[in-house]
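Hi everyone, thanks for coming.

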Amino acid sequence: MSRLFFFFRRKPRRAPVTPEVERLRAQAKAELPARLAELAAQHGFVYNKVFIKNSLTRWGSCSSLGNINLNLRVVTLPPELQDLIMLHELCHLKYLNHGPEFHALLESVCPGHRALARQLREYRIV
Ligand SMILES: [Zn+2]
C-alpha cells in the first residue's frame with residue numbers, strides 16, 4: 001500500500017463506551033451474526049468473519065479479506081433495514097464497489113433495496 005493511501009485513509013471514529021453501548025453490543029452479538037449466517041446461506045454468500053463495531057460513521061463494511069463489520073446499532077433498526085445492511089455487505093464479497101453489477105446483485109437478493117436505502121437515511125447512527 002502506498003503512503004498516499006495511508007495519508008488519505010481516515011479511520012472510522014469510535015463512539016464512547018457507555019452502559020447503553022454495552023447493552024446494544026451484547027444484543028448485537030446475540031442477534032446479528034446469526035442473521036448474517038442465515039442470509040448468507042440463503043443466498044449462497046461465503047464470508048470469513050463477522051465483527052461487531054462501535055463506529056459513529058458506518059452501519060457496516062466489508063473488507064477485501066471477506067470480513068464483514070456491522071455497527072452494534074444495527075439492532076436498533078427495523079428488521080428489513082437490518083437485512084438491507086447485511087445483504088449490502090454480503091454483496092460486497094462479490095463486488096467491492098457500488099457499480100451497476102453490485103446494485104443488480106443487491107436487487108436480486110433484496111428487492112426494492114433503493115427504497116429501503118432511502119428509509120435508512122432517515123436514521124442517524126447516533
Ligand atoms: Zn457499500
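Predicted model: local features only at pLDDT ≥ 70, side-chain atom pairs only at ≥ 80, totals over all residues.

In total, that is 5 helices and 3 strands.

How big is the protein chain along its principal axes? Its C-alpha trace spans about 40 × 40 × 30 Å. A compact globule of 126 residues would have a radius of gyration near 14 Å, and the chain's 15 Å agrees with that.

Now to the sheet. Strands of a sheet pair through backbone hydrogen bonds, and they can do so parallel or antiparallel. In our model, 3 strands make an open sheet with mixed pairing, and their order is 1-3-2. Which strands sit at the edges? They are strand 1, residues 50-53, and strand 2, residues 60-62, and each of them pairs on one side only. From one strand to the next, the twist averages 15°.

Let's zoom in on one pair. Strand 1 and strand 3, which covers residues 68-71, run parallel and are joined by 4 bridges.

Two helices to look at next, starting with helix 2, residues 19-43. Helix 2 packs on the sheet and touches strand 1 and strand 3. The direction of helix 2 makes about 150° with that of strand 1. Then there is helix 3, residues 79-91, which lies across strand 2 and strand 3 and runs at about 15° to strand 2.

Let's stay with helix 3 and go through its helix partners. With helix 2, the packing angle is about 60° and the axes are 10 Å apart. Angles that fall between roughly parallel, roughly perpendicular and roughly antiparallel count as oblique, and helix 2 and helix 3 are therefore oblique to each other. Their crossing is right-handed. On the helix 2 side, the contact uses Arg 35, Leu 36, Leu 39, Ala 40 and His 43, and these meet Gln 82, Asp 83, Met 86, Leu 87 and Leu 90 of helix 3. By type, the contact residues are 6 nonpolar, 2 polar and 2 charged.

Next partner: helix 4, residues 100-109. The axes of helix 3 and helix 4 come within 10 Å and cross at roughly 135°, so this pair is oblique too. The crossing of helix 3 and helix 4 is right-handed. Helix 3 brings Leu 87, His 88 and Cys 91 to the contact, while helix 4 brings Phe 102, Leu 105, Leu 106 and Val 109. That gives 6 nonpolar residues, 1 polar and no charged.

And what about helix 5, residues 113-120? The axes of helix 3 and helix 5 come within 10 Å and cross at roughly 110°, which means helix 3 is roughly perpendicular to helix 5. Is this crossing left-handed or right-handed? The crossing of helix 3 and helix 5 is left-handed. Here Glu 80, Leu 81 and Leu 84 of helix 3 meet His 113, Leu 116, Ala 117, Gln 119 and Leu 120 of helix 5. These contact residues divide into 5 nonpolar, 2 polar and 1 charged.

Technical notes:
Residues numbered from 1 in each chain as written. Pairing = 2+ DSSP bridges. Axes fitted to C-alpha atoms, helices over the stretch in contact; angles between N-to-C directions. Contact = placed C-beta atoms within 7 Å. Parallel < 35°, antiparallel > 145°, perpendicular 65-115°, else oblique. Left-handed = near helix turned anticlockwise from the far one by under 90°. Nonpolar A, V, L, I, M, F, W, Y, C, P; charged D, E, K, R; others polar. Rg over C-alpha atoms; globule rule 2.2 N^0.38 Å.
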